[in-house]
Structure formats: structure tokens, C-alpha cells
Amino acid sequence: MTRTLVLVRHGQSEWNLKNLFTGWRDPDLTEQGHAEAISAGKKLKAAGLKFDIAFTSVLQRAQKTCQHILDEMAQPKLETIRDQALNERDYGDLSGLNKDDARKKWGEDQVHIWRRSYDVPPPGGESLRDTGARVWPYYLHTIQPHVLRGETVLVAAHGNSLRALIMALEGLSGEEIVKQELATGVPIIYQLNADSTVAGKKVLEG
């Protein structure tokens with residue numbers, strides 16, 4: 001039985017391009033972001049995959065990425081579940097600020113801690129640990145059962161919500177996961193064992 005889970009970070013957003021903290025704000029994809037999502041769909045189709053169900057966040061950059069992928073795979077009407085549990089990490093008071101301006105206001109070291117520490121949240125926002133506290137239970141109770149039944153599942157979400165999920169899937173420490181960069185629009189394919197541990201991983205780059 002194949003148990004396949006595919007994770008894809010949304011394509012480049014307008015605020016990625018502008019170097020702004022995005023979080024739960026809802027900018028659209030850029031032209032490049034649309035192209036990245038379409039490319040992800042082509043790669044997954046070329047890999048011979050066909051999805052049984054898809055999950056995404058309530059934010060349009062992830063939803064449009066998900067739809068582009070399904071369109072390219074000739075599955076445009078596949079059941080897709082949207083839930084804010086898969087939303088990007090909430091950056092709180094940093095949301096909407098240019099990252100360089102934030103460094104000028106709070107200092108390089110403090111902003112680096114907020115961005116790259118595991119358990120220190122920005123003012124009014126979430127740490128990566130906080131993000132994991134909503135992502136992981138949602139995965140366990142809602143997404144994982146589909147995978148363990150042998151379905152092929154797509155999750156199109158965000159850099160930090162996917163980091164939180166990858167951390168749990170791969171058994172990484174907080175220090176290890178914050179060092180991982182997830183490129184926009186690049187699919188990660190996991191094969192899972194019956195006990196939900198990872199049997200294999202492939203990143204569809206290039």
C-alpha cells in the first residue's frame with residue numbers, strides 16, 4: 001500500500017516580493033508565484049501522482065497554489081478542505097512591516113530571534129512552537145487518517161505551517177527545523193509507513 005503525503009509551500013506572494021512580514025494577511029500570488037504553482041503541478045503529474053484529497057489554508061496564496069496544481073493534474077474539482085489550522089505563522093505586530101524597517105525599529109538581533117527562534121514569538125504573534133500547536137493536532141486528526149488509508153494527499157500551505165509539520169514528521173528538534181528553508185512552489189513527497197513514520201522523502205526541485 002502506498003501512503004503518500006505531498007507538501008507544497010505556496011508560490012511567491014506579492015508580499016514575499018516586497019520583503020514584508022505576511023503572516024495571516026492575505027496578499028495574492030505574483031506572476032512568478034502563479035508560474036511556480038503551475039510548475040509544481042506539472043512536476044507532480046510527471047511523477048505519476050494522482051491525488052485523492054487536498055488540504056490548504058484559508059489564505060488565497062495557498063488556495064490558488066493548490067488550485068493551480070490540481071488544474072495541471074487534470075483534477076480541478078478534487079475535494080479540497082480549507083482550514084485556518086494550516087495558516088502561516090501569525091507575525092502579530094510585525095505583520096505588514098518591511099523586514100528592513102523592522103530591523104531598524106527593534107534591532108537586527110531581536111528581529112532575527114523572532115524570525116528564527118523556535119519558541120520566542122514576536123509581539124502579539126506566534127512562535128513556530130505555537131504554530132505547531134495548531135498544525136500538528138489538525139494533521140493527526142484530519143489529514144493523517146487519509147494518508148494511512150492509502151490515499152495520496154496534497155497539503156498546500158505556508159513556510160512555517162509546513163515547517164511545523166515537517167518537524168513532527170521527521171522528528172527534528174526546534175534548533176534543526178528553524179534552519180530549514182522551504183522554497184516556494186517546490187513539492188516535497190513523503191512516503192509513510194503504516195505506523196506513520198517516514199519511509200521516504202523526495203524533493204521535486206529543478
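Helices (H or I, at least four residues) and strands (E, at least two) are taken as DSSP runs and numbered from the N terminus. The model is predicted, so that local features need pLDDT of at least 70 and side-chain atom pairs count only at pLDDT 80 or more, while totals for chains, interfaces and linings use all residues. Residues are numbered from 1 along each chain as its sequence is written, and side-chain values use heavy atoms, with hydrogens and water left out.

Four aromatic pairs are present in the structure. Rings of Phe, Tyr and Trp (its six-membered ring) pair if their centres lie within 6.5 Å; planes under 30 degrees apart count as stacked, over 60 as edge-to-face and the rest as tilted. Phenylalanine 21 and tyrosine 91 form a tilted pair, because their ring centres are 5.1 Å apart and their planes stand at 55°. Since phenylalanine 21 belongs to the loop between helix H1 (14-17) and helix H2 (31-46), and tyrosine 91 to the loop between strand S3 (80-82) and helix H4 (99-106), the pair ties together parts 70 residues apart in sequence. Phenylalanine 21 is buried, at 1% relative accessible area (buried means under 20%, exposed over 50%, partly exposed in between, with a 1.4 Å probe and protein chains only). Tyrosine 91 is likewise buried, at 9%.

A stacked pair is formed by tryptophan 136 and tyrosine 139, with 5.2 Å from centre to centre and 20° between the planes. Both residues lie in helix H6 (residues 128-148), three residues apart, about one turn of the helix. Tryptophan 136 is partly exposed, at 28% relative accessible area, whereas tyrosine 139 is buried, at 0%.
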